[in-house]
Amino acid sequence: MNIIIKNIPNTITSLNLLSGVAGIVCAFSDRLDVSFILMLAAAVFDFFDGFAARALGAYSPMGKELDSLADSVSFGLLPAFMLHRLMIFLTGAATIWCYIPLVVALFSVLRLAKFNTDERQTENFIGLATPASAMICGSLTYYLLHQTDSILIPLAQGHVFIPVVCIILSALMVSEIPMFSMKFKKGISKDSPLYRQRVSFAGTVVVATILVLTLGLNWSMIVLLSFVAYIVMNLLSRPLFGK
């Protein structure tokens, strides 16, 4: 029984990895919309493997390594391939510019390696977390495919917009900018900056949802606006570390 309990988090993490692999297959089958759904599924598994590990007391060195490997696929390779295929679809040709989004995969892996060796990131993050970067890439892809009347379409059909987004996200992932974590743990005071930021972010998601529904935009814009707002909030906030 102990062996089964110990491996529950690893099983959930494996589902994260499986979702990412399936998403990549869908991306190269030009089913980018399905790829995003699988990315969201991977994010759910990524949340619950940590939750299960904490609840069951089933932390292990293997689980930590497996989690990073799964994240490198689901939130590194998958979003990079999605944007690569999206550029080919929107521009109509596989030019050299279409390969720039692959830097997202490179910097996602660098970000994960940095996270695993940086003792400052036990409670919060330094640099943009790979799942947050992936959600921006995935939701942008889904939105451009389904909101064909969007003002972003002409921009995305060029060779600048998507590569610039990828370079910005890549730079943020390996930056030294403090970013608050959404991992809920006991003992966080309601007067702490971290608690206030989380409440503010939750409020931002609500506002984004209302705005998107009111304007009749595709639901993926809720995800896109929420994570862009998350970055902006962190850029404007005072550092959380060392306090």
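**Reading contacts and helix packing**

Reader: Leaving aside its neighbours within four places in sequence, which residues is Met 182 in contact with?

Author: Contact means heavy atoms within 4.5 Å. Beyond those neighbours, Met 182 is in contact with Arg 198 and Phe 201. This is a predicted model, in which local features need pLDDT of at least 70 and side-chain atom pairs count only at pLDDT 80 or more, while totals for chains, interfaces and linings use all residues. Residues are numbered from 1 along each chain as its sequence is written, and side-chain values use heavy atoms, with hydrogens and water left out.

Reader: Where does Met 182 lie?

Author: Helices (H or I, at least four residues) and strands (E, at least two) are DSSP runs, numbered from the N terminus. Met 182 belongs to the loop between strand E2 (178-179) and helix H8 (193-215). Its C-alpha atom is separated by 24 Å from that of Asn 7, and the two residues are 175 residues apart along the chain.

Reader: Why does Met 182 count as partly exposed?

Author: Buried means under 20% relative accessible area, exposed over 50%, and partly exposed in between (1.4 Å probe, protein chains only). Met 182 counts as partly exposed because its relative accessibility is 30%.

Reader: Which residues of H4 are buried, by contrast?

Author: In H4, they are Val 104, Ala 105, Ser 108, Arg 111, Leu 112 and Lys 114. Their cover includes H3, strand E1 (125-126), helix H5 (130-146) and helix H7 (161-173).

Reader: At what angle do H3 and H4 pack?

Author: Axes are lines fitted to C-alpha atoms, for helices over the stretch in contact, and angles run from 0 to 180 degrees between N-to-C directions. Helix H3 (residues 61-91) and helix H4 (residues 103-117) pack at about 155 degrees, their axes being 8 Å apart. H3 is therefore roughly antiparallel to H4, a label for angles over 145 degrees.

Reader: Which residues of H3 and H4 meet?

Author: From H3, the residues include Phe 75, Leu 77 and Ala 80; among those they meet in H4 are Val 109, Leu 112 and Asn 116. The contact of H3 with H4 divides into eight nonpolar, five polar and two charged residues.

Reader: How many residues of each class has the contact of H5 with H9?

Author: H5 and helix H9 (residues 220-236) pack at about 145 degrees, with axes 8 Å apart. Residues of H5 including Met 135, Ile 136 and Tyr 143 meet residues of H9, among them Leu 224, Phe 227 and Ile 231. By class, this contact has 13 nonpolar, two polar and no charged residues. Ala, Val, Leu, Ile, Met, Phe, Trp, Tyr, Cys and Pro count as nonpolar, Asp, Glu, Lys and Arg as charged, and the others as polar.

Definitions and conventions. Angles under 35 degrees count as roughly parallel, over 145 as roughly antiparallel, 65 to 115 as roughly perpendicular and the rest as oblique.
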